Amino acid sequence: MSLRRDEFGAFFAALHDGHQPFRWQERLLDAVLADGWPEVIDAPTGAGKTAAIDMHIFALALAAHDRRPLPPRRLAIIVGRRVLVDSQHEHARRVAAALADLEQVAVVRRVAEQLWTLHVSRPDDHEHSPLLVARLRGGQPPSRRWADHPTAPAVLCATPDMFGSRLLFRGYGSAPRAWPREAGLLAVDTVALVDEAHLAQQLLRTARRVGELVGAAERPWSRALQVVETTATPSSTAGGRPRRSVGVSGADLVEEAALRARLSRPKPVTVVPVRNWAAAKPRPEVAQQIAGHVAKLRSGSPHVTVGCFVNTVARAISVAAALRQDHGLSTVLLCGQVRPVDVALLERDYPGLLSVRGNDGVDVVVSTQTLEVGVDLDLGGIVTELASRSALTQRAGRVNRLGARPTGRVVVIGPDGPLRTDARSGPYEASELQSAADWIAERSGDPMGLAPWALRTDPSPAAVRRTLLQRPELGQAWIWSRTSDDLADEPELDLWLSDDLQTQATVGLVVRHDLPEDPTDAVELIKVLRPRRHETFSVPINTLRSAVQGLDGRLRRNGDEVRGVLARGDDIGPIAWTDTDDGRRPRLRPGDVVVLDDAYPLFTAPAGAGDRRTPQVVVPAGDEVHMHSAPDVLEALALLPEDLRPGEVAHRVELTEDAHSTLREALTPDEDQPALNADAERVAVLDWLRTRGGPTGMATHAAALLETAPRQVDLIVPRAEGVPLRVLIVDARRATADEYVRQEWTPSGNEVTLERHQAAVAERAAHLASLVGLSPELTDVLRLAGAHHDDGKADPRFQIRLGARGQTTLAKSTDGAGPETLRRRADRSGLPPGWRHEQRSVADAWSTLDGHPERELIARLIGTSHGHGRTWFPHTAAELLHDADDPNTKQVATLLFDEGGWDSLIERTEQRYGAWVCAYLEAILRAADGQISAEGR
């Protein structure tokens, strides 16, 4: 299928309701095609920077069609605001869905066809998209599928800490085993577009330095990380040289009426001083005055929603209540902590509210920082509390966003005099508030007010609280890359990622009904029923810690305590909130997800029964008046829009009191009958689900799994004193979602021999290497690493663990055994705890690779093929091997793992290729293994 450059306009229009691209967007595409991504994109708020996603996709497709060198396959858009990350992610998802739609216009289908050529293969079901989309931000379980397909086009939407931590081998929200593959893929064949770069100077410096360090090795390397600075006020030079820049020009506004309206329509500012606005304790009269100004603004803007931005959740609640009760206005309150399911319900009840279409039935939207950016609201005007200069600029960007009205008013509520040095409002300190007050007073004298084009000559600088920016060096990179080691002191990544060392990061909070009291049982339950995106609150770390520790203190007075589970990628364990024996409290990091019982009262009260206008949020300790529990929404499948419905791997069926005895009887054999085998237990549970499990919710999904794929279902029935508590049904898709499971188990039901599996992985690794453009030498390295990466599985003890029978040497278990069976096999095998088959693979393959010029690199890739061994393995040669092993193998193992040979090998390969390139090659091999395992081969 042919594809031409002049078809970009039609492609863009198909994705944007018929709108053609702006001239500056066309210039950006031409720059990417001709010389690669520029160093700077110079475009103000509202100019359409998110369309860089569309240009990335079209440029890749056109380069693939023309067989020219590809731009970077992965586009990472990085911005330090959660809601903007969500907005960019949503746009990328819509584009991905369009590329999967066979009914789309011809040019979109042709772009999709070219993107599929960058994949290993195309699925047969026609439901998949050639574009991978991932979201990486605190407060949400991070996306992981992008790392399984290194050749595929991808768009990653991330906050600075989530992107930067992955780049520095310490991915927040990921397990240590995943750190190296994520670091390698982000440092190679990726372009990082840092939006609002004036607010992320440290991340910008770190990312650019990593791009330099990728090639700082004995063997030269190209396609290192590229970094693009996106801001309305970029620097025109770098190190004394001009910077390649593409952006909006004055001529564009003259020739494009739509762009001129967006950027140049006046947004006049009115400043309203309010007494006690910055009082240490919130004053009710301040909220009432804010509500009065909102009502006045709304009366002058009929038939269009107006906005109200405040700085704290408590004030948002008070203002929303005053607007409803005192002024009779239809008001929706939305704060940043709400779950995606709550936002989805708001959008269901008020269609178009959170888009430029709007909803005529809503008079006012009240928000904290949530709606400053990322949501394409087109408000008639706003009333906002004084905030930082950057925040005020972003809030004004929600006013008359499309320029369809002649003007849009901005009312700023602030102090009636100079601020005290210790004053603050929400996340904003006195210095930045006073700076903003002086600036907004000047802007109120300009008829253009906060119009984006007017601010180009009077920008809002960042409130940077650092005087020195850090630059990563090679020595630090080598330390960070030791992801398997227990470092004496974990690096404080904020030094390399954050402009503001006091910024509060966010974590996820999930509430689950009837979380087991026993910590071990609770952890096992969450390992099966992982936190899901739709049920996760995004909560500032300090807010969550304050709320939970306050509750814990009250419970301990009654002899109880708050119990919970911490999920950090694939690492799941219990969490304690009080001082531990060593005097330390658990350190939460962005990307962590905490799971608590839904009975704990940590939340504000909803607006009323059945009223979704005020989703619940976490309340810090001390605000006990509003403390309520929040509902478990894991099973709210009927309430979820299609994009939030979990297509995941496990379902839960909670048991009512009268169901306990019925299911217990079904699962208890007669006295003269033997215990139920696995098949009989499945039949009993399926029969129970059909008759007593209920017609809706997860029972229906669970029954369908048991009925259609019984051999691929793992059935778990936790019991307390013999009484079933719940039914957990896990389907075979977990093998494609969980890297650890697919190492040892296949959902295909077919016998997977070790010889055939390794041959398939070797072939796939070489194919991936050729697709990403590696040299023939490195392609051969990856082929040989794939051919030997599982040699250690031939150990007779490991074959017992896999359930092998007869003389066949297996690579995977095929019998669908449940957790208890797997535990019994592990105990019977005689393998020491934590034994790694890839460590044994290195010892077995070493002699076979003798004479190869890259033996050390191949051995490294074998040993690190599952994220372990960087640089340390826990077992000595004697523990790794067994008595009958070949003496030569024992000698090799002793040299490598007892006498420091492995550590030296890791250092030599990193000196030769660099820390990030080694990690990239590991990611290619791990992807090959994962793909073959997911295919059941």
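I'm working on a predicted model, where local features need pLDDT of at least 70 and side-chain atom pairs count only at pLDDT 80 or more, while totals for chains, interfaces and linings use all residues. Residues are numbered from 1 along each chain as its sequence is written, and side-chain values use heavy atoms, with hydrogens and water left out.

**Entry 1: D485**

I started with an aspartate. D485 sits in the loop between α16 (474-480) and α17 (494-497); helices (H or I, at least four residues) and strands (E, at least two) are DSSP runs, numbered from the N terminus. Is D485 buried or exposed? Its relative accessibility is 12%, so D485 counts as buried (buried is under 20% relative accessible area, exposed over 50%, partly exposed in between, with a 1.4 Å probe and protein chains only). I found the side chains of D485 and R482 joined by a polar contact of 2.7 Å. A polar contact of 3.2 Å also runs from the side chain of D485 to the side chain of T871. Not counting residues up to four places away in sequence, D485 touches R870, T871 and W872 (contact means heavy atoms within 4.5 Å).

**Entry 2: D592**

Next I looked up another aspartate. D592 is in the loop between β21 (571-575) and β22 (593-597). With a relative accessible area of 0%, D592 is buried. Which side chain does the side chain of D592 meet in a polar contact? It is R568, at 2.7 Å. The D592 side chain also reaches the backbone nitrogen of R589 at 2.8 Å. Leaving aside neighbours within four places in sequence, the contacts of D592 include G173, V507 and R587.

**Entry 3: helix α6 and what follows**

I moved on to α6, residues 160-167. Of its 8 residues, 7 are buried, so the helix is largely enclosed by the rest of the structure. The buried ones are P160, M162, F163, G164, S165, R166 and L167. Just after α6 comes F169, with a positive phi of about 65 degrees. F169 is at 0% relative accessibility, so I count it as buried.

**Entry 4: ring pairs**

How many aromatic pairs does the structure hold? I get 11 (rings of Phe, Tyr and Trp, with its six-membered ring, pair if their centres lie within 6.5 Å; planes under 30 degrees apart are stacked, over 60 edge-to-face, and the rest tilted). In one of these, the ring centres of F169 and W916 are 5.6 Å apart and the planes are at 35 degrees, so I call the pair tilted. This pair links distant parts of the chain, 747 residues apart: F169 is in the loop between α6 and α7 (179-187), and W916 is in helix α34 (residues 915-934). W916 is buried too, with a relative accessible area of 1%.

W221 and Y920 make another pair, with centres 6.1 Å apart and planes at 70 degrees, so that one is edge-to-face. W221 lies in the loop between α8 (201-214) and β6 (226-231) and Y920 in α34, 699 residues apart. Y920 is buried at a relative accessible area of 1%. I also noted a cluster of F8, F11, F12 and F58, linked by ring pairs.

**Entry 5: nonpolar cores**

A nonpolar core is a set of buried Ala, Val, Leu, Ile, Met, Phe, Trp, Tyr and Cys residues joined through side-chain atoms within 4.5 Å. The largest has 93 residues, and those touching the most other members are F163, V214, L774, L782, W916, Y920 and L921. Which helix gives the most to this core? It is α34, with 13 residues. A second, separate core has 61 residues, among them V269, V319, A423 and L455.

**Entry 6: helix α25 and the whole chain**

After α25 comes G773, with a positive phi near 85 degrees.

Last, I took the chain as a whole. It holds 34 helices and 27 strands, and buried residues make up 57% of its 937 residues. Among contacts with a separation of 6 or more, 76% come from residues 24 or more positions apart.

Conventions: Polar contact = N/O pair within 3.5 Å; in protein donor to acceptor, adjacent residues only side chain to side chain.
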